[in-house]
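Here is a short report on charged pairs and helix packing. Look at the structure first, then read on.

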Amino acid sequence: MSTGSAAHSVKTSPARTAPSVWKQPAQVWAVAFACVVAFMGIGLVDPILPAIADALEASPVETELLFTSYLVVTGLAMLVTSWISSRIGAKATLLVGLALIVVFSLLCALSGSVDAVIGFRAGWGLGNALFISTALATIVGAASGGSSAAIILYEAALGLGIAIGPLLGGILGEVSWRGPFFGVVVLMAIAFVAVLVLLRGPTPARTPLPFSAPFRALGRPALAILAATALFYNIGFFTLLAFSPFPLGFGAMGIGLTFFGWGLGLAITSVWVAPLLLRRLRLTTVLLIALPLLALDLLVAAFIVSSASALVVCIVVGGLVLGVVNTALTEAVMEATDLPRSVASSAYSAVRFLGGAVAPPLAALLWHAYGAGVPYVMAAVSVAIAAGCILFGRRLLAHVDTAHPDAADEGAAVLVGDAA
């Protein structure tokens with residue numbers, strides 16, 4: 001499904017029995033496993049943010065820069081990853097990205113100041129960009145069952161990684177704030193070996209892409225609307241993820257368990273619920289239901305922030321809604337243009353990660369200036385703006401705004417446990 005017209009022809013074809021989403025080549029599973037580990041890195045530091053602030057005598061704003069440096073570099077690097085991948089190949093790009101994550105996560109673990117950790121998280125973000133943007137295109141290209149099956153697998157990896165990351169971070173963080181970083185080193189080294197050994201097969205002919213390709217891609221109206229939506233949506237996403245550990249007031253294990261529930265909810269709705277909704281509703285309709293629900297959840301969090309138990313409920317409910325939004329946006333981006341998948345993914349991801357980079361330090365500043373509820377109000381407003389982008393740009397998304405029978409059939413296959 002490499003072109004917009006091809007995607008449209010698939011979506012309007014009669015429903016058919018889809019192959020099991022679990023029947024995939026070994027190379028797809030290798031990349032999917034590496035994706036799980038890569039996404040674990042997003043939430044792994046979440047439970048240890050207060051511990052890092054205490055151990056390294058850092059303010060909450062400085063501590064939140066661990067997310068910002070990581071996401072800024074990830075976002076900016078996304079603009080050049082397709083240019084790099086088109087010259088050295090997908091496998092080499094994946095391996096370089098994984099190697100960089102191993103090196104910089106090790107340096108984070110050995111650091112003695114918050115400034116050093118912030119800097120090394122930036123290097124980690126470079127490796128993350130090289131890996132993530134290439135991984136989605138690799139899975140989509142190699143998966144059996146079409147792009148919808150690949151997206152389900154990718155979103156499942158995202159959800160599983162985000163769920164396990166905080167839990168593992170909480171367990172290791174109870175020992176030391178350095179523990180989660182050492183954990184990433186080990187897991188990413190395993191992922192490196194898995195990709196090195198299992199990602200085989202004929203090497204497709206390389207067509208070098210111009211350096212300007214992702215920048216020009218953002219000039220496509222449909223992709224520009226989706227990128228703007230993701231920018232504002234990610235402010236809500238990362239406020240919930242990166243700021244919430246502070247008002248919760250839990251220890252590392254308590255934060256880890258809370259965000260394990262959040263990530264588990266995200267994984268469940270990504271794999272099971274979103275495909276079924278996309279079968280019955282237009283893609284923009286799904287987003288126009290989910291985004292206001294997320295804004296409402298964030299607004300409720302603003303008013304109950306003083307109650308840790310109520311805030312936990314809002315966090316988990318937010319994860320359930322986030323899974324639907326993530327899958328719908330990813331599906332839309334893959335089919336929005338006739339551009340190469342790697343170009344569309346890089347351009348879109350660059351903008352959305354930059355949106356996420358703004359949220360953590362801004363939330364911490366608002367917290368200290370106005371109180372713990374205000375960051376959630378800011379996040380709710382931002383998500384409402386994301387919904388407005390979809391509402392007012394709906395006409396330009398008409399070519400992706402149809403039911404998705406492939407995604408639904410494969411989602412149903414997952415739902416009934418068709419792993420035979």
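D338 is partly exposed, with 49% relative accessible area. This is a predicted model. D338 has a partner: R220 forms a salt bridge with D338. R220 is partly exposed too, since its relative accessibility is 33%.

Where do the two residues sit? R220 is in the loop between α9 (213-217) and α10, while D338 is in the loop between α14 (308-336) and α15 (341-370). The pair therefore ties together parts that are 118 residues apart in sequence.

Why can such pairs form? Side chains of opposite charge can pair when their charged atoms come close.

How many salt bridges does the structure hold? There are 2. The second pair joins D401 and R394. D401 is buried, at 7% relative accessible area. R394 is partly exposed, at 27%.

| Salt bridge | Closest N and O atoms |
|---|---|
| R220 with D338 | 2.9 Å |
| D401 with R394 | 3.7 Å |

Now for the helices. Helix α10 (residues 221-243) packs with helix α16 (residues 374-392). Their axes lie 8 Å apart, at an angle of about 160°. Angles over 145 degrees count as roughly antiparallel, so α10 is roughly antiparallel to α16. The crossing of α10 past α16 is left-handed.

Which residues make the contact? On α10 they include I225, L226, F232 and F243. On α16, P375, M378, V383 and I390 are among them. By class, this contact has 17 nonpolar residues, 4 polar ones and no charged ones.

Key
Residues are numbered from 1 along each chain as its sequence is written. This is a predicted model: local features need pLDDT of at least 70, side-chain atom pairs count only at pLDDT 80 or more; totals for chains, interfaces and linings use all residues. Side-chain values use heavy atoms; hydrogens and water are left out. Axes are lines fitted to C-alpha atoms, for helices over the stretch in contact, and angles run from 0 to 180 degrees between N-to-C directions. Helices (H or I, at least four residues) and strands (E, at least two) are DSSP runs, numbered from the N terminus. Angles under 35 degrees count as roughly parallel, over 145 as roughly antiparallel, 65 to 115 as roughly perpendicular and the rest as oblique. A crossing is left-handed if the near helix is turned anticlockwise from the far one by less than a right angle, and right-handed if clockwise. Contact means heavy atoms within 4.5 Å. Ala, Val, Leu, Ile, Met, Phe, Trp, Tyr, Cys and Pro count as nonpolar, Asp, Glu, Lys and Arg as charged, and the others, Gly among them, as polar. A salt bridge is a side-chain nitrogen of Lys or Arg within 4 Å of a carboxyl oxygen of Asp or Glu. Buried means under 20% relative accessible area, exposed over 50%, partly exposed in between (1.4 Å probe, protein chains only).
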